[in-house]
Amino acid sequence: MQVKLRAFAAIRDSLGFGEKHVELPDGARVEALLQHLHTLHPAAGLPERHFSIAVNRSFVPRDHVLNDGDEVALIPPVSGG
Amino acid sequence: MRLYEITGGPISLDNVMARVVNPARGGVTLFAGTVRGITGEAETDYLEYEAYPEMAEASFASIAGEAKQRWPDIAEVAVVHRVGRLEVGDVAIVIAVAASHRRDTFDACHYIIDRIKEVSPIWKKEVSPGGALWIEGPESKL
């Protein structure tokens with residue numbers, strides 16, 4: 001299956017992209033996607049960073065099961081206003 | 001007119017207020033957040049705001065819903081946040097809260113800006129003589 005990954009602010013800068021399609025095995029959880037990203041982009045230091053995950057624009061825990069076509073966003077601590 | 005919006009251009013207070021006024025509403029509280037050039041000893045040249053626009057707009061709507069539930073007399077809320085490069089003094093956000101009477105519009109407006117700073121997916125990068133830094137908001141609950 002394929003998910004659309006979006007990254008913002010400091011995490012976007014570290015990964016070097018803001019948007020990317022990622023292939024994952026069916027039934028993969030958010031944590032598997034993060035592991036996959038860490039393997040591809042170790043310098044981004046994802047395991048040491050603090051961020052939340054949104055799937056289809058709602059916050060989810062790390063064990064959330066992903067579906068084909070999901071939009072997964074990496075959301076660092078916010079600073080709007 | 002859209003009530004909840006991420007925009008790339010300047011924000012007019014009159015324009016945001018016009019989104020919530022009508023003949024049944026006699027009280028409107030407006031909040032404007034502007035770019036600060038001096039924080040304590042530190043100077044800022046300009047800010048770069050970034051948002052996850054679709055989710056930020058949905059979060060404004062959901063926060064406005066919370067406020068209306070808490071203060072049932074609130075008739076309408078509009079929130080517009082600007083992204084991109086903002087200079088010192090530019091308006092970054094405007095919130096308009098309207099009701100038939102002024103009572104509760106102040107508290108609701110205060111509640112809405114506090115919640116936006118906690119959960120809305122928007123970020124600012126501060127560019128100063130010393131370099132550029134993404135800010136992780138002290139009020140963020142994420």
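Trainee: In which sense do S1(B) and strand S6 of chain B pair, and over how many bridges?

Mentor: Keep in mind that we're looking at a predicted model. In it, S1(B) and S6(B), which covers residues 74-82, run in the parallel sense, and 4 bridges link them. To see one spot in that pairing, find Ile6(B): it stands opposite His81(B) in S6(B).

Trainee: What order do the strands of that sheet follow?

Mentor: Start with the general idea: in a regular strand the side chains alternate between the two faces of the sheet. Here, 4 strands of chain B make an open sheet in the order S1-S6-S8-S2, with mixed pairing.

Trainee: Why is one side of S1 and of S2 in chain B left without a neighbour in the sheet?

Mentor: Strand S1 (4-7) and strand S2 (27-34) of chain B stand at the edges and have a single partner strand each, so one side of each has no neighbour in the sheet. As you step from one strand to the next, the twist averages 10°.

Trainee: Which helices lie across these strands?

Mentor: Take helix H2 of chain B, residues 53-70: it lies across S1 and S6 of that chain, at about 145° to S1(B). Then look at helix H3 of chain B, residues 105-119, which lies across S2, S6 and S8 and runs at about 145° to S8(B).

Trainee: How does the chain get from S9(B) to S10(B)?

Mentor: Through a hairpin with 2 residues joining them. Strand S9 (122-128) and strand S10 (131-134) of chain B pair in the antiparallel sense over 4 bridges, and Val127(B) stands opposite Ala132(B).

Trainee: Now the two chains. How much area is buried between chain A and chain B?

Mentor: The general idea is that the size of an interface is often given as the accessible area lost when the parts come together. Between chain A and chain B that's about 2,100 Å², with carbon and sulfur atoms giving 59%. On chain A's side, Val78(A), Ser79(A) and Gly81(A) lose the most area to chain B, together 33% of what that side buries.

Trainee: How many salt bridges are there between chain A and chain B?

Mentor: The count is 3. One of them links Arg6(A) with Glu54(B), whose closest N and O atoms are 3.1 Å apart. There are also 17 residue pairs in polar contact across the interface.

Trainee: Which element gives the most to the side of chain A that touches chain B?

Mentor: That's H1(A), with 4 residues. By type, the residues on that side of chain A are 11 nonpolar, 5 polar and 5 charged.

Methods
Residues numbered from 1 in each chain as written. Chains lettered and ligands numbered in written order. Predicted model: local features only at pLDDT ≥ 70, side-chain atom pairs only at ≥ 80, totals over all residues. Heavy atoms only, no water. Pairing = 2+ DSSP bridges. Buried area = accessible area lost by both parts, 1.4 Å probe. Salt bridge = Lys/Arg side-chain N within 4 Å of Asp/Glu carboxyl O. Polar contact = N/O pair within 3.5 Å; in protein donor to acceptor, adjacent residues only side chain to side chain. Nonpolar A, V, L, I, M, F, W, Y, C, P; charged D, E, K, R; others polar. Axes fitted to C-alpha atoms, helices over the stretch in contact; angles between N-to-C directions. Contact = heavy atoms within 4.5 Å.
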